[in-house]
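Let's walk through this model together, beginning with a single residue and widening the view step by step. Have the structure open beside you as you read.

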Amino acid sequence: MRYKPFSYQERYGLRLQRLALYGGFTCPNRDGTVGLGGCTFCDNRAFHPSYTHGNSITQQIEDGMVFHAQRGRKADGYLAYFQAFSNTYAPLEVLRARYEEALSHPSVRGIVIGTRPDCIDDAKLDYLSKLKQQGSIVEVEYGIESVYDATLERVNRGHTFACTKDAIVKTFERGIPVGGHIIIGLPGETREKILEEASVLNGLPISCLKIHQLQILKGTAVEAEFKERPADFLRLDPDQYIDLLADFLERLRPDIAIGRIVSSVPPSFTGAPWGLLKQEVLLKRLENHLEERNSFQGIHLK
Ligand code: SF4
């Protein structure tokens, strides 16, 4: 492969299937702690699997296993993936109850926690590190979104990039694998800025990166902003996106595994759809594009 794909099989020697769960959390830029309204691009409803609605963690796991089995996905075990909202945004006792309910399920081998960098602290990280030492798989994924403070402010994140860096370093120092998530095409970011972002990310101890294009979802604040100031947005069709992604990966450390390169929500959520583009299809196009260039991830770092 000309880029490094993320693989649980490679990391743990097991075929692990993630089960997306709703842990009942919110975000500090939604509830008024650091802001209101959430990130301008966010509509979490678009990402909830149907089986998570209103059920206990145990029930969601059971339903999620059925959901994946019905689609013919075989697994040696499951990872409870706390995905929606900020899954460390609660007192430690609450986190402990949610995570340990998931870990007590006999088919669950570990937890993957998606969260914001300003929703973690030493006590929570020490607890996660202890869970890992006790034999559970524990991974944390931080929403980085952008390395530029001006962008973070514009999308109403409510934290800086320095905060992101600090959280990632502290998590890594405890031996917990850290992933990051970024969005390509946030308002005010040019092609050059996006490519420079790769060098900044290279300085972070992340082992996995999820990337996706900005999707302008109906009813979000970013949709209104796009209508008002379209010139501030880098709008890319799938071919242009793959081309930019190839440039980006050429500048990215080759050991950072790529977990995702596209986000596709149901068409009812988006006003300017690419259609429901499948991850596997775009990954194949990316691989072909890198091959045409006779290039690979990290080539410009040599
Ligand atoms: S922190 Fe995440 S879940 Fe919360 S508003 Fe922002 S993107 Fe949405």
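Arg 154 is found in helix H5; helices here are DSSP runs of H or I with at least four residues, strands are runs of E with at least two, and both are numbered from the N terminus. Before we go further, please keep in mind that this is a predicted model, in which local features need pLDDT of at least 70, side-chain atom pairs count only at pLDDT 80 or more, and totals for chains, interfaces and linings use all residues. Residues are numbered from 1 along each chain as its sequence is written, and side-chain values use heavy atoms, with hydrogens and water left out.

Setting aside neighbours within four places in sequence, Arg 154 is in contact with Thr 40, Pro 187, Gly 188, Glu 225 and Asp 232, where contact means heavy atoms within 4.5 Å. With Asp 232 there is also a polar contact, side chain to side chain, at 2.6 Å. Such a contact is a pair of N or O atoms within 3.5 Å; within protein, one must be able to donate a hydrogen and the other to accept it, and residues adjacent in sequence count only if both atoms are side-chain atoms. Look also at Leu 186: it lies 32 residues from Arg 154 along the chain, and their C-alpha atoms are 9.1 Å apart.

Asp 232 leads us on to charge pairs. Asp 232 forms a salt bridge with Arg 229, the closest N and O atoms being 3.2 Å apart; the term means a side-chain nitrogen of Lys or Arg within 4 Å of a carboxyl oxygen of Asp or Glu. Arg 229 is partly exposed, at 47% relative accessible area. How many salt bridges does the structure hold? There are 21. One of them joins Glu 10 to Lys 4 at 3.0 Å, N to O; Glu 10 is exposed at 57%, while Lys 4 is partly exposed at 25%. Another pairs Glu 141 with Arg 18 at 2.9 Å. This pair links distant parts of the chain, with Glu 141 in strand S4 (residues 137–145) and Arg 18 in strand S1 (residues 16–21), 123 residues apart. Glu 141 is buried, with a relative accessible area of 13%. Elsewhere, a network of salt bridges links Arg 191, Asp 243, Asp 247, Glu 250 and Arg 293.

Now turn to the backbone. Glu 145, in strand S4, has a positive phi near 70° without being a glycine, and is buried at 6% relative accessible area. Asn 156 is not a glycine either, yet its phi is about 65°. Asn 156 sits in the loop between helix H5 (149–154) and helix H6 (161–173) and is partly exposed at 25%.

Finally, step back to the whole protein. It has 10 helices and seven strands. The radius of gyration is 19 Å, close to the 19 Å that the globule rule gives for 302 residues, so the protein is as compact as a globular protein of that length; the radius is taken over C-alpha atoms, and the rule is 2.2 Å times the number of residues to the power 0.38. Of the 302 residues, 52% count as buried.

How values were computed. Buried < 20%, exposed > 50% of the residue type's maximum accessible area, 1.4 Å probe, protein only.
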